[in-house]
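Please read it alongside the sequence and coordinates.

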Amino acid sequence: MSVASNVVQSKSVLDLSGFSKVSLCHQPTPIEQMPRLSAELGGPSLFIKRDDCTGLATGGNKTRKLEFLVGEAIEQQADILVTQGAVQSNHVRQTAAAACKVGMKCHALLERRVPGQGEAYEETGNVFLDKIFGATIEFRPPGLDMNAEAEAVVARLKSEGHRPYFIPGGGSNPTGALGYVSCALEIAEQERSIGLTFDWLVMGTGSTGTQAGLVAGFEASGRKLPVMGISVRQPRERQVEAVHKLVNSTLENLGQSSIAASEIHVDDGYVGEGYGIPAPSTLEAISTTALYEGILLDPVYSAKGMAGLIGLVRHGFFKPTDNVLFLHTGGSAALFAYEDIIQTDQK
Ligand SMILES: Cc1ncc(COP(=O)(O)O)c(C=O)c1O
């Protein structure tokens, strides 16, 4: 099958058919109830949207973004995807797999962003899977402008005769965010088919594309479901600013009006010591969700998101009658890189 024949067009109420898209993702992903976790917390009715089950290379949220990004790469006749992330990046793993699926190469820059990690951290988990997918990897020290580093690699590859397509960290730009515009439409459709209305959606937020795409999608479709992003890295003000900027550029891309920053909800109370460092609440979220619902979370993103959900329930943020949807963004491949910390916590 040729690369171009993989390209399909999306069909939805909000018309995304003008954007190139490639099919990479199992969708719709299921929405399940979490009755045992709800009862344990004595809280509202909790539900989970299983974007850990998007299918590509153990799944996760980047697959939806990559459908649009790789669609654009094919349109531009690229032959190599260039991207960047932290060492245990789920985004890099899914990009490497997507490249295989459409017959391209993948080159990734991995930032040594998380301090105090041993050698195994750079070999196991997502890095191990990146290599299975044949990605070529360069490591970088922490604190550089990683998108600028990747742009320099793009220039080098062009001068060598390649046709690189650059995907920013986390796939978070107005093209990648379309994956979560489409997910917002999917959730609104599932509400109709299940016969249920959600009051809040809660999720971990990092490079912003997932939250921004959802907010833009709910706004553009007229179903204004509020989205609470639990920051995994940045303080609240900076995360709100970054999400807001991408929401409005995504809305502009869709030909829609912009929204105010006051409509962006972020809680930064669950970051702990920093990106990629599990806090006690992160470890509690991993074990509670595993033991009560049989669901694996990752220590960098989805468990910080779930820690936020648990904390919000405990602090009485939701009404007892609310229906609250947690977006599982995947990432469990990174668990193996955190075995020591998690095992110590279980003893
Ligand atoms: C498992 C997982 N969850 C959540 C996120 C955050 O999504 P975003 O970067 O779109 O904010 C990421 C990003 O890398 C991720 O890998």
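In this predicted model, the shell around the ligand takes at least two residues from each of helix H3 (90-102), strand S9 (200-205) and helix H7 (209-221). H7 gives the largest share, three residues.

**Ligand shell**

- Of the 20 residues around the ligand, those that come nearest are Asn-90, Ser-207, Tyr-301, Thr-329 and Gly-331.
- Sorted by class, the shell holds 18 polar residues, one nonpolar residue and one charged residue.
- Domain 1 (4-61 + 174-346) and domain 2 (75-170) each contribute at least three residues to the shell around the ligand.

**Helices H9 and H10**

- Helix H9 (residues 280-293) and helix H10 (residues 302-314) have axes that come within 8 Å and cross at roughly 90°.
- H9 is therefore roughly perpendicular to H10.
- On the H9 side, the contact involves Ser-281, Thr-282, Glu-284, Ala-285, Ile-286, Thr-288 and Thr-289.
- These meet Ala-303, Lys-304, Met-306, Ala-307, Ile-310 and Gly-311 of H10.
- The residues of this H9 and H10 contact comprise six nonpolar, five polar and two charged.

**Confidence**

- The protein has a mean pLDDT of 95, with 95% of its residues at 70 or more.
- Over residues 1-12, pLDDT stays under 50.
- For residues 1-12, the model has 24 contacts beyond four places in sequence.

Terms used
Residues numbered from 1 in each chain as written. Predicted model: local features only at pLDDT ≥ 70, side-chain atom pairs only at ≥ 80, totals over all residues. Near = placed C-beta within 6 Å. Helix = DSSP H or I, 4+ residues; strand = E, 2+ residues; numbered from the N terminus. Nonpolar A, V, L, I, M, F, W, Y, C, P; charged D, E, K, R; others polar. Domains from an automatic or database assignment. pLDDT = per-residue confidence, 0-100. Contact = placed C-beta atoms within 7 Å. Axes fitted to C-alpha atoms, helices over the stretch in contact; angles between N-to-C directions. Parallel < 35°, antiparallel > 145°, perpendicular 65-115°, else oblique.
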